[in-house]
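User: Could you take me through the salt bridges in this structure? I am new to this, so please go one pair at a time.

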Amino acid sequence: MSEKRKQVLSCIQPTGDMHLGNYFGAVKNWVDLQEKYDCVYGIVDYHAITMPYKADKLRQNVWDLTLNLLACGIQPESLFIQSLVPEHTELGWIFNCMASYGEVTRMTQFKDKSAQVKAGSKDSFISVGLFDYPVLQAADILIYKADYVPVGKDQSQHLELARNIAQRFNTQFGKEYFVLPETLFTETPNIASTADPTRKMSKSAGEKHWIGVFAEEERIRKQVKSAVTDAGEVEMDEASGERKMSAGVANLFMLLKASGEIETYNEMKKGYNDSSLSYGDLKGTVAEALVKLTTPFREKKAELYADRKNVKRQIQESSANIRKVAQQTLREVKEITGLLNPKF
Ligand code: TRP
């Protein structure tokens, strides 16, 4: 008999265009995990409203991200939109009453984000939702009894909170009900901005700091061509006997490797070490590798867009199916906690 596959859950915020940092750092990994695990992936719009936002833009970002994720290879039946599964927020409320004010206050992402809001002064509004966000995240995870949650290191504190809530629930109600989720750390490359390789690729830094997965070929080529490298003076590393590498050059090599061009990567690395490699060639090769990688995604997205009526129906259906799991959990939780279900 085949063993039941482990449950994987992860979520992503609908923040607009997807860049190579998002793709190599998370989405590619999600796609790969589908082979080994039962996966559920959510587009979390309830999380997105914790910061100032516009309704139309939010709706557009959610649909755009749906197309993007499907175009990158996420299976339609694995994908849901959080606001189509409102049980997350109901479980979130129950968890609000099981999380302590003290432990939520310690979350560093809230401290960072609320500092950003303050710095932006005009919109100096810090919502209770922003503070409470990690509790909703715990509900996202526990409602599907996820075994593994693939996330970056910046989320480990939130995962710890989810485990604490699960454990507290199990202890308080004397039942091993919730699965304690584990973080699934996968080695994913940390892609830097090509314009400033000392900072990570991100949209908040401005247009030239990120390369869109769905950008036009010419734009990708142009951005790679203008990548920062070094002035040519590179020291030797005493220990390895190899030439040291600036952050910019290392980032270009990382993009080449992440694109799956391992042979070319090894050749160019050799060229770098014996100083025969020109940065022009390196950039040209990286640009072509990225164009080759992203062209099918761009094409697939256009296809999905042309068929958007069906795609919309499909995501509504998959959300409704995934919702059944969430509803079942919530019925059980209400039973356990003394809250009423419609048929009591
Ligand atoms: N907090 C995550 C982020 O900022 C997004 C998220 C929301 C999430 N709910 C989740 C991630 C549940 C994993 C599991 O990236």
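Analyst: Let's begin with Glu87, which counts as buried because its relative accessibility is 8%, below the 20% cut-off. This is a predicted model, and in it Glu87 forms a salt bridge with Arg323, with the closest N and O atoms 2.9 Å apart. The two residues come from distant parts of the chain: Glu87 is in helix H4 (residues 87-96), Arg323 is in helix H13 (residues 308-337), and 236 residues separate them. Arg323 itself is partly exposed, at 27% relative accessibility.

In general, side chains of opposite charge can pair when their charged atoms come close.

Next come Arg168 and Glu103, whose side chains meet in a salt bridge at 2.7 Å, N to O. This pair also links distant parts of the chain, with Arg168 in helix H8 (residues 156-172) and Glu103 in helix H5 (residues 101-105), 65 residues apart. Arg168 counts as partly exposed at 31% relative accessibility, while Glu103 counts as buried at 7%.

Salt bridges can also share partners: Glu217, Glu218, Arg221, Glu288 and Arg298 are joined into one network that way.

One more pair is worth a look. Asp64 forms a salt bridge with Lys301, and their closest N and O atoms are 2.9 Å apart. Asp64 lies in helix H3 (residues 55-72) and Lys301 in helix H12 (residues 279-306), so the pair ties together parts that are 237 residues apart in sequence. Lys301 is buried, with a relative accessible area of 16%.

For the whole structure, a search finds 17 salt bridges.

How values were computed:
Residues are numbered from 1 along each chain as its sequence is written. This is a predicted model: local features need pLDDT of at least 70, side-chain atom pairs count only at pLDDT 80 or more; totals for chains, interfaces and linings use all residues. Side-chain values use heavy atoms; hydrogens and water are left out. A salt bridge is a side-chain nitrogen of Lys or Arg within 4 Å of a carboxyl oxygen of Asp or Glu. Helices (H or I, at least four residues) and strands (E, at least two) are DSSP runs, numbered from the N terminus. Buried means under 20% relative accessible area, exposed over 50%, partly exposed in between (1.4 Å probe, protein chains only).
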